[in-house]
Amino acid sequence: MARRVAVIGGGISGLTCIKCCLDEGLEPVCFESSDDIGGLWRFKEEPEKDRASIYQSVIINTSKEMMSFSDFPIPAHFPNFMHNSLIMDYFRMYAEHFKLLRHVRLQTSVCSVRQRPDFARSGQWDVVTKNRQGQEERHIFDAIFVCIGHHASPHIPLKDFPGIDTFKGKWFHSRDYKSPEEWQGKRVVVIGIGNSGGDIAVELSRVAKQVFLSTRRGSWIVNRVWENGFPMDMGFSRLAHMMSAILPSTLTSTIGERKLNKRFNHKLYSIKPKHRLVSQHPTINDELPNRILSGTVLVKTNVSRIEGSSVMFEDGTVEEDIDLVVFATGYSFSFPFLPSSVISISENKTSLYKYVFPPTLEQPTLAIIGLIQPLGAVMPISEMQARWATRIFKGATTDGLKSS
């Protein structure tokens with residue numbers, strides 16, 4: 001009898017987990033709380049509670065050459081950097097080709113995942129789910145894949161922005177931003193210069209009267225198009241990776257920073273970061289320097305206070321008549337259905353063996369897939385994690401787990 005594996009989440013990591021289970025002769029059952037697969041990449045006009053959400057114009061930051069699953073290439077006629085609708089088309093092709101949908105239970109949420117009394121011997125789990133009619137079901141599984149991502153719970157540190165309760169305009173997290181039309185002719189402050197903050201500031205600057213981009217630390221800005229017109233993430237050879245591992249990080253950063261500053265001098269654009277290039281993720285954005293140069297985006301320091309319709313910044317400047325504040329301040333992740341004895345989270349961080357297995361479990365029968373923010377595509381990483389974990393679940397390999 002095949003070992004039963006629960007897959008929690010029907011996004012990209014969940015889909016590849018189903019596929020890898022089938023490859024290893026395991027029996028996957030995927031529980032997806034929404035009404036469709038796709039996770040983060042499925043655009044919906046209205047954000048849903050506790051679920052990832054994207055804006056209408058989102059284009060992925062990794063090229064199709066680097067994000068394809070190993071056994072299902074992205075069609076040749078698709079562009080190198082795909083719109084979110086094309087990414088969904090690809091995931092549907094993948095799911096249909098490998099007949100994954102028959103293993104997915106839509107509109108079924110996972111309420112709890114608990115170790116069985118004989119877990120030390122069996123490694124089994126008690127799982128409680130709730131279906132679309134609100135009825136609870138109880139299951140026993142031999143192993144668990146957790147694939148819920150880390151872009152569902154917005155992080156809005158309101159305590160860092162005194163006076164926000166007096167703000168006369170509208171404010172929301174970048175998760176709730178969908179399109180720019182509503183903000184025609186308005187004055188907008190975007191807080192945060194990560195990928196979402198940069199994208200939203202650029203898009204709003206095409207219709208808004210003025211966009212102010214507030215950044216606490218600045219960022220290195222990387223273009224999707226690299227040398228000789230190739231996609232940026234195809235510009236790093238194995239030799240380059242090997243050299244970056246050998247050379248001191250300060251030297252690697254200096255080389256990379258000089259290359260980026262040749263396109264535009266970050267200091268002159270007031271966005272030179274306090275950190276070195278290799279110490280934090282850069283921001284991927286093709287247009288931000290142009291919008292800054294044209295004045296439609298004005299870079300500001302961190303917000304110090306908000307009063308009525310005025311926003312004050314740490315450099316002492318004040319901007320009046322602000323209509324909208326967008327908090328592009330990142331996300332917090334959690335696993336509400338798991339006890340803290342299985343996986344503990346502190347300051348939005350957790351400890352996982354090889355970024356996959358909770359290290360305290362007596363049996364390695366629960367794997368967290370895709371909880372990683374690589375400098376590049378997550379899809380191949382999720383696939384490799386799932387391939388390894390299914391082999392562990394099957395008992396075909398331990399791969400160093402016993403010695404860990």
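Trainee: On what basis are residues numbered and features counted here?

Mentor: Residues are numbered from 1 along each chain as its sequence is written. This is a predicted model, in which local features need pLDDT of at least 70, side-chain atom pairs count only at pLDDT 80 or more, and totals for chains, interfaces and linings use all residues, while side-chain values use heavy atoms, with hydrogens and water left out.

Trainee: In what order do the strands of the five-stranded parallel sheet lie?

Mentor: Helices (H or I, at least four residues) and strands (E, at least two) are DSSP runs, numbered from the N terminus. Two strands pair if DSSP finds at least two bridges between them. The five strands form an open sheet with parallel pairing, and their order is β3-β2-β1-β7-β20.

Trainee: Which strands form the edges of that sheet, and by what angle are neighbouring strands turned on average?

Mentor: An edge strand here pairs on one side only, as is the case for β3 (104–106) and β20 (366–368). Axes are lines fitted to C-alpha atoms, for helices over the stretch in contact, and angles run from 0 to 180 degrees between N-to-C directions. With direction ignored, neighbouring strands of this sheet are turned against each other on average by 20°.

Trainee: Which helix lies across β1, β7 and β20?

Mentor: The contact criterion is heavy atoms within 4.5 Å. The helix lying across β1 (4–8), β7 and β20 runs at about 165° to β7 and spans residues 379–394; it is α9.

Trainee: In the three-stranded sheet, what is the bridge partner of Val-303?

Mentor: That open sheet is antiparallel, in the order β15-β16-β17, and its edge strands are β15 (303–307) and β17 (318–319). Four bridges join β15 to β16 (residues 310–313). In β16, the partner of Val-303 is Phe-313.

Trainee: Are α1 and α3 roughly parallel or roughly antiparallel?

Mentor: Two packed helices are described by the angle between their axes and the distance between the axes. Helix α1 (residues 12–23) and helix α3 (residues 84–97) pack at about 20°, with their axes 11 Å apart. Angles under 35 degrees count as roughly parallel, over 145 as roughly antiparallel, 65 to 115 as roughly perpendicular and the rest as oblique. The angle therefore makes α1, relative to α3, roughly parallel.

Trainee: Which residues of α3 make the contact with α1?

Mentor: On the α1 side, the contact is made by Ile-12, Leu-15, Thr-16 and Lys-19. On the α3 side, the residues are Phe-91, Tyr-94 and Ala-95.

Trainee: How many residues separate Glu-287 and Arg-206, which meet in a salt bridge?

Mentor: A salt bridge is a side-chain nitrogen of Lys or Arg within 4 Å of a carboxyl oxygen of Asp or Glu, and for this pair the N to O distance is 2.7 Å. Glu-287 is in the loop between β13 (283–284) and α8 (288–294), and Arg-206 is in the loop between α5 (195–205) and β11 (210–214). The pair thus links distant parts of the chain, and the separation is 81 residues.

Trainee: What is the C-alpha separation of Ala-152 and Glu-48?

Mentor: Ala-152 is in the loop between β7 and β8 (153–154), and counts as buried at 19% relative accessibility. Beyond residues up to four places away in sequence, Ala-152 touches Asp-50, Arg-51, Ala-52, Arg-175 and Tyr-331. Ala-152 and Glu-48 are 104 residues apart along the chain, and their C-alpha atoms are separated by 9.2 Å.

Trainee: Where is Thr-62 placed?

Mentor: Thr-62 counts as buried, at 9% relative accessibility. Leaving aside neighbours within four places in sequence, its contacts include Asp-233 and Gly-376. Its place is the loop between β2 (27–32) and α2 (64–67).

Technical notes: Buried means under 20% relative accessible area, exposed over 50%, partly exposed in between (1.4 Å probe, protein chains only).
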